[in-house]
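Thanks, everyone. I'll keep this short: strand pairing, then salt bridges. Here is the model.

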Amino acid sequence: SQSYDPAGGEIITYQWEIIEHPMDEEFTDFAWEGQNSAVGSFWIPLVGSYTVLLKVQNENGVSSGNTQEAKVTFRAKPESLLHVQLTWNDVSNDQDLHLTNVSAGGHFCSSAGDCFYTNKQPQWFAEDDRGKGSNPRLDIDDTNGLGPENINIDDPQTGTYRVFVHNYPKAGIPAAPTMNTIRIYTNGVLSFSEQR
């Protein structure tokens, strides 16, 4: 099917752009798919408000304006019942998010009991697949700075969980002072936030 604009010309170019988001202004890695297509999608890294703008141009060279009709604003919230989020404020540092299930014998940097960059989907509970149900999953290991790194558990079991942040300095680069922010959402609601 073809798309037509109100002036009657066929739309030949599309450009999606995120113009407002809850990330640091330096963040641009939204992993777009179809950014120059009629339908686009992107990775939503943080809970919060996003505004997306669509610009189009027709075959006659007429471009759309930056109007309210060309924008959509929405609020993203986690679907998982437990969502742990790490961000930090220095692009030269690599911070790593860890989540252990103390009730299941999990320890920091243990091969089975810690959800972190080398073990993104540990099998804590055999009745669920890795990264599903009561088992955690880390979305990305952000080594380029600022984060976010997110760990989700869709349906956590009752127990004691522990969150760690590990400063993982890059070889040959002196570590700069860094402010880490941890936010924990339960049932889509912010239940804990702290900076250190």
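Start with strand S4, residues 82-88, which pairs with S10 in the antiparallel sense over seven bridges. Pairing here means that DSSP finds at least two bridges between two strands. Strands (E, at least two residues) are DSSP runs, numbered from the N terminus. Within this pair, Gln-85 stands opposite Arg-183 in S10.

Some ground rules. This is a predicted model, where local features need pLDDT of at least 70 and side-chain atom pairs count only at pLDDT 80 or more, while totals for chains, interfaces and linings use all residues. Residues are numbered from 1 along each chain as its sequence is written, and side-chain values use heavy atoms, with hydrogens and water left out.

Back to S10. It spans residues 180-186 and is mostly covered, with five of its seven residues buried. Buried means under 20% relative accessible area, exposed means over 50%, and partly exposed is in between, using a 1.4 Å probe and protein chains only.

S10 has another partner: strand S11, residues 189-195, antiparallel, over six bridges. Thr-181 has Gln-195 in S11 as its bridge partner. S10 and S11 form a hairpin, and two residues sit between them. Asn-187, in that turn, has a positive phi of about 55 degrees.

Now the charges. How many salt bridges does a search of the whole structure find? Three. The criterion is a side-chain nitrogen of Lys or Arg within 4 Å of a carboxyl oxygen of Asp or Glu.

Take Lys-55 and Glu-17, at 3.5 Å, N to O. Lys-55 lies in strand S2 (residues 48-58) and Glu-17 in strand S1 (residues 11-20), so this pair ties together parts 38 residues apart in sequence. Lys-55 is partly exposed at 35%. Glu-17 is also partly exposed, at 30%.

Next, Arg-137 and Asp-154 meet at 2.9 Å, N to O. This pair links distant parts of the chain, 17 residues apart. Arg-137 is in strand S7 (residues 137-138), and Asp-154 is in the loop between strand S8 (149-153) and strand S9 (161-167). Arg-137 is partly exposed at 24%. Asp-154 is partly exposed at 28%.

Then Glu-194 with Arg-196: their closest N and O atoms are 2.6 Å apart. Is Arg-196 buried or exposed? Exposed, at 69% relative accessible area. Glu-194 is partly exposed, at 31%.

One last spot. Gly-105 is in the loop between strand S5 (95-101) and strand S6 (114-115). Gly-105 is partly exposed, at 44%. Gly-105 and Arg-162 are 57 residues apart in sequence, but 11 Å apart in space, C-alpha to C-alpha.

Definitions and conventions. Helix = DSSP H or I, 4+ residues; strand = E, 2+ residues; numbered from the N terminus.
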